[in-house]
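Hi,

Here is the structure I promised to pass on. Have a look at it first, and then read my notes below.

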Amino acid sequence: MKLFSLILGLLLSLTSTHAAINVNGAGASFPYPIYSKWFAEYEKSNKEVRFNYQAIGSGGGIRQLLKQTVDFGASDAPMKDKDMKKAAWPIHHIPTVLGAVAISYNVKGLDAGLKLDGTTLANMFMGKITKWNDAAIKKLNPNMSLPNKDILVVRRADGSGTTAVLSDYLSTVSSDFQKKMGRGKSLRWPTGIGAKGNDGVTNMIKQTDGAVGYIELAYAVKNNLSTVALKNKAGEFVAPSTDGVSRSAATLKDFNGDLRVSIVDAAGSGVYPISAFTYILLPVDSKNKKLVEVKKFLRWALSTGQDMAEELHYAPLPKKLVKALEGKIQ
Amino acid sequence: MENVVNHSSNTKPTPSSSPSGGPKGGFFSLKNQDKLHLTAIKSLAVFVIGLLITLLILLLKQAWPAVTEFGVEFITSDWWNPVEDQFGGLSFIVGTVLTSIIAIIIAAPVSIGVALLMTEVLPERAGKTIGLFVEMIAAIPSIVFGLWGLFYLAPFVRETLTPIIKSTLGFIPFFNGPSFGIGVLTASLILAIMIIPTITSLCREVFRSVPTLQREAALGLGSTRWEMIRLAVIKPSFSGIMGGIVLGLGRALGETMAVAMVIGNQPEIPKSIFSSAATMASVIANEYAEADSDLHVSALCLVGILLFGVTLIANAIARLIVWNYNRKQQG
C-alpha cells in the first residue's frame, strides 16, 4: 500500500510539472514539416503550451474540426461553403505559408530547362499529347532536341492537396481540362500511372525514362529533378522557386477579404503560376480557451516563423498580407 | 472446438476421484470451474462474432447513401470519378480478383513444391532450416515488400520479364501492351511472394500428417518415389492443400499497402497483364483520408463491403471444390 501511494504521488508530481495546455490540431500533410518545426521552436520559448498536430490529410482535418475533436484544423484547399455551414461556429482561414507544385520530368537526352505553357501541359496530362517530340512542345522549345519517346504521366494515387492545386491551375488555363477533368483532390485520369505520396511520384519519375509528373517543390529540389519552366500570364517562362510563389500571392487585390481564393495563374512579372496557400482553420469559438494559445502561436508564426519557411522550401507570405492577417487574428 | 471437448473430458473425472479436492461450494469450486470455463470460452466466441456483425452493420450504415444512389450499377459500372461524385466499383473488383488469381497460380505450385521438398526429399534437419527461412518471409512487413517492389521488382519486370513474356506469349492480346514496370503483373508477383509462406507452412503440416505406413505401402507396391508422392501424399492431402490456398487467397485479396505501391492505381479494367489497375483495398487506402464529399466516403465503405463479399465467395468456391472432390473420392 505504501509503495502504491508512493508511485501515485510520483506520478502526480510528474504530471503537475508538465501541466501544460495541450492544443490539438489535425489536417494537411503538406505543411507538416514547417508546422512541426514551428511548434518545436515556439514551445522552446512558451513552455506552458504543447501542440499536438496530426498530419492526417486536409479532408480528415476538416472532418475532425467539424466533429470538434480538435482545436484547430489545417487544409491545403479552402473549405467549401457546404462544409462551412456544417460547423457550429464561423471558421477563419488563416494562410500560413505558400507552396508550389513543380512539374518534373525525366527524359534521357532532354536537358534541363524545358519550357511549357498551360494548354500544352493540360494536353499532356489528358493524354492528348503522347510523344515528347510533339509539335506543340517543339514550338515552345525550338532550340532543344526532343526525342521520339512516349510520355508517361505520373500522378498521385491518393487524394491530395497537390492534385487539387494542379487541377485548379490546369482548369483555369484550359477549358478543355475543366470540362473533362475538373478540380479536385482525386481526379479521373485518362492516362498514366498513380503513385502514392509525393515520394512515390518522385521515385517513379526518377526511375522511368520519359516520365513527367507533378510534385511539391521541395521534392523536386531535394532530388535534383529537372523542372519545367511554365509560361505565366505575363508571358514569361518561370521555373518554380519560392520567390516566384511569393510574388503570385503579392498580386492579391484584397488582403482583408475572404482569403479562400485561388492564386494560380496570377498576373505579374516573375510569378510562378502553380502556387497556393496552405491554411490553418481557426474556429471562432469564445468558449474554447485554448484558441487564445492558437492565436498567440499564429501571430508568432506570421512574424518570426516566416523566416524559417524558405529553408524548408516553402514560400513566406508577402508582408502586406501578414499585416492584414495580424488584424484578423486579434 | 476440439480443444474444448478435450479439456472438459479431462477435467470432469477429477471431482469424483478426489471429492475433497478444492474449496466446496465456493465460486471457484471444482464443480463451478467447468461451467466458468465454458462460459468464458462461449462469451469470447460470441464476442468475436458480435464484433464482426457490428463492424458490418456500421460499414453498411456508412455505405447506405452510395447503395441508394447507385444500386446495382455500383458493381456493373467501372466509372469512378470523385470530381463528379460518380462511383462504380467494377474495375476494383476485377483488379482484386485478377491479381489474387495470378498470385495463386504462381504461388500454389511453388509452395506445394517447397513443402514436398521439405517433407519428402530433404533430410529432416535441412527441411526444418528451409522452413525457417520460408516462415521468415511471412514476418516481413508489407510496406517493405512494397518498397522493394517499387525499387527492384518494377525495373526488373520492365527490363527483363516483359521482353520474355512478350516474345513467348505476346500473341495473346492479354500478354501484350506497353509496360512501365508498374501494374498487374508486378502486383501479382509481390502478392505471390507474400502468400508463399502461408501456403507452404500449411501444406507442410498436411504432408507430415500423412502416415508413414501409407508411403511405405506405396513403395512396397513398386511405385517410384514420384508415384509414391503423387498417390500416397498429394492425393489424400487435397483438401488440406485447398485450405492452404484459401488462406493464401484471403491474404492476397485483402493486401493493401504493397499492392497500392506497385499496381499503378488506375481505376480501369486492365487491358493487359502489364497495364495499371487498382484493387479494392488499395483504393480505400488511397482515397479515404482525403475524401471530401460524403458520397465519396460512402462509396469507399461500399467497396469495403464488396471486398468482404468477394472474400466470402472465394471461400465458398474453395469449399465447394473440396466437397465435390471428397464426394467423388468416396462415390
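**Where the chains and domains meet**

Chain A brings 33 residues to its contact with chain B, and chain B brings 32 (contact means heavy atoms within 4.5 Å). Please keep in mind that this is a predicted model, in which local features need pLDDT of at least 70, side-chain atom pairs count only at pLDDT 80 or more, and totals for chains, interfaces and linings use all residues. Residues are numbered from 1 along each chain as written, chains are lettered from A and ligands numbered from 1 in the order written, and side-chain values use heavy atoms, without hydrogens and water.

About 2600 Å² is buried between chain A and chain B, 45% of it from carbon and sulfur atoms; buried area is the accessible area (1.4 Å probe) that two parts lose on being put together, summed over both. On the chain A side, A:R188, A:K196 and A:Q207 lose the most area, together 27% of what that side buries.

Two salt bridges cross between chain A and chain B (a side-chain nitrogen of Lys or Arg within 4 Å of a carboxyl oxygen of Asp or Glu). A:R188 forms a salt bridge with B:E268, with the closest N and O atoms 4.0 Å apart.

Within chain A, the domain assignment (automatic or from a database) gives domain 1 (23–99 + 277–329) and domain 2 (100–249). Domain 1 of chain A puts 15 residues into the contact, and domain 2 of chain A puts in 13. These two domains of chain A bury about 1100 Å² between them, 68% of it on carbon and sulfur atoms.

Best wishes
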